[in-house]
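Have the model in view as you read.

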Amino acid sequence: MNKLNRLLVLLLVGFGFLLLFAQVSSTAPELQIRKQPFGTTNEKKPVELYTLSNKNGVEAGIITYGGIVVSLKLPDRKGTVREVTLGYDSLDGYLKNNSPYFGALIGRYANRIGNGRFSLGGREYRLATNSNGSHLHGGNQGFDKAVWKATEVRGPKSVGLKLDYVSPDGEEGYPGTLSATAVYTLTTDNELRIDYSATTDRDTIVNLTNHAYFNLAGDGNILKHRLMINADRFTPISEAFIPTGEVRSVKGTPMDFTKPTAIGARINQKDEQLIRGNGYDHNWVLNRKDNKLSLAARVEEPTSGRVLEVLTTEPGVQFYTGNFLDGTIKGIGGKVYQQRAGFCLETQHFPDSPNHPNFPSTVLKPGQKYATTTVYKFSVQ
Ligand code: GLA
């Protein structure tokens, strides 16, 4: 080879390396989505697990059964990544154990409807009564037990999963065919966002949420987590857990989380509402000027430094302290969930709204589009 040829070969090889490098760096996994099988339902429908992750170590696992967030991994202030949600290791757990709605999409109506009855357009509807004579979280076969159709979605700064489910007319007693969509997206800014939408072919009611349980420490109970709820008022409940219709000030009560307060600071007080709820299991009326996405709640876990902010377009949030967990569930990694092992912040319209004309309406009519957004924003401090 003469000098010129050698130079040419060198140049070509160098150029090749450059190309390879450019290729590798452009596919650097800033955001990733992985798909894998997660078992089959009792009706032999296959279920998939989609794992969304970003380069900061935030990872969310979502299955097509119930749109359940089966895993949420977050770094602490030192960068140590831990599981911060409650759930089961396998689909069997969700199928067999009558799951307390761990991580699930809830519909058609999140929370309770008193006596499972409501009237719309001069007609009374009777819903499945699955909780002491009331309708809870969509009934016996709610959206948490449906297999959703999944489509991967990618944006410039996000990766996501679009889930679709068509609920037939009359399902669990609800009028109208409801076409529901929930899009989960994980962003480069450590936000897990859920955009819910729905349309109907007959007048109906709808109220969608997600029932994720969080424990930002990764184990133990959540009593030392410090919580702020951006709400001056809440909706008190009857002994049957149904809102009385009153909208009450939180001032001077253990429901006042307007300033960051440890969840456990007042939970055992002899307060009528806490006694009725077995702890916190109430709807807060969020302070808001309009229905734009705004801060509903902020939780910080002092030991790990993990912070969760919940933003929503919804008028309310159900704060629930895992009061019904009793140590009988063996969850992720064999962890036993004792009472107060996790908390939920379920963004929503108020419980039993169809029976309280003074609450914001949950009615959806043909031609209208139901559209709400909730963002879980993760950080450390
Ligand atoms: C909601 C309800 C609670 C309970 C949990 C799941 O938060 O308000 O009463 O049903 O779901 O156990």
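## Pockets, cavities and a ligand

The largest pocket holds about 620 Å³ of space. This is a predicted model. The lining of the largest pocket counts 29 residues. Pro100, Tyr101, Arg112, Leu136 and Phe324 are the ones nearest its centre. Sorted by class, that lining has 10 nonpolar, 14 polar and 5 charged residues.

What sits in the largest pocket? The ligand does. Its surroundings are made up of Pro100, Tyr101, Arg112, Leu136, His137, His211, Tyr213, Asp281, Gln318, Tyr320, Phe324 and Glu346. This shell splits into 6 nonpolar, 3 polar and 3 charged residues.

Some of these neighbours come with distances.

| Residue | Distance to a ligand oxygen atom |
|---|---|
| His211 | 2.7 Å |
| Glu346 | 3.0 Å |
| Gln318 | 3.4 Å |

How much of the ligand's surface does the protein bury? Taken alone, the ligand exposes 300 Å², and the protein buries 95% of that.

Now move to the second largest pocket. About 320 Å³ of space lies there. Its lining has 16 residues, and those closest to its centre are Glu43, Tyr65, Gln141, Lys145 and Ala146. By class, the lining of this second largest pocket divides into 6 nonpolar, 6 polar and 4 charged residues.

How many cavities of 30 Å³ or more does a search of the whole structure find? There are 5. The largest cavity contains about 70 Å³ of space. Around the largest cavity stand Tyr65, Ile68, Tyr94, Asn98, Ser99, Tyr101, Phe102, Ala104, Asp144 and Lys145. In this lining, 6 residues are nonpolar, 2 are polar and 2 are charged.

Some residues turn up in two places. Tyr101 lines the largest cavity, and Tyr101 is also among the residues around the ligand. Tyr65 and Lys145 line the largest cavity, and both are among the residues closest to the centre of the second largest pocket. Pro100, Arg112, Leu136 and Phe324 lie nearest the centre of the largest pocket, and these four also belong to the ligand's surroundings.

Terms used:
Residues are numbered from 1 along each chain as its sequence is written. This is a predicted model: local features need pLDDT of at least 70, side-chain atom pairs count only at pLDDT 80 or more; totals for chains, interfaces and linings use all residues. Side-chain values use heavy atoms; hydrogens and water are left out. A residue is near a molecule or strand if one of its heavy atoms lies within 4 Å of it. A polar contact is a pair of N or O atoms within 3.5 Å; within protein, one must be able to donate a hydrogen and the other to accept it, and residues adjacent in sequence count only if both atoms are side-chain atoms. Accessible areas come from the Shrake-Rupley method with a 1.4 Å probe; for residues, only the protein chains shown count as cover. On a 1 Å grid over the protein atoms alone, a cavity is a set of points where a 1.4 Å probe fits but cannot get out, and a pocket is an open set with protein on both sides within 12 Å along at least five of seven lines; lining residues have an atom within 4 Å of a point. A molecule sits in a cavity or pocket if more than half of its atoms lie within 2 Å of its grid points. Ala, Val, Leu, Ile, Met, Phe, Trp, Tyr, Cys and Pro count as nonpolar, Asp, Glu, Lys and Arg as charged, and the others, Gly among them, as polar. Grid points are joined across faces, edges and corners, and a volume is the space filled by probe spheres set on the points.
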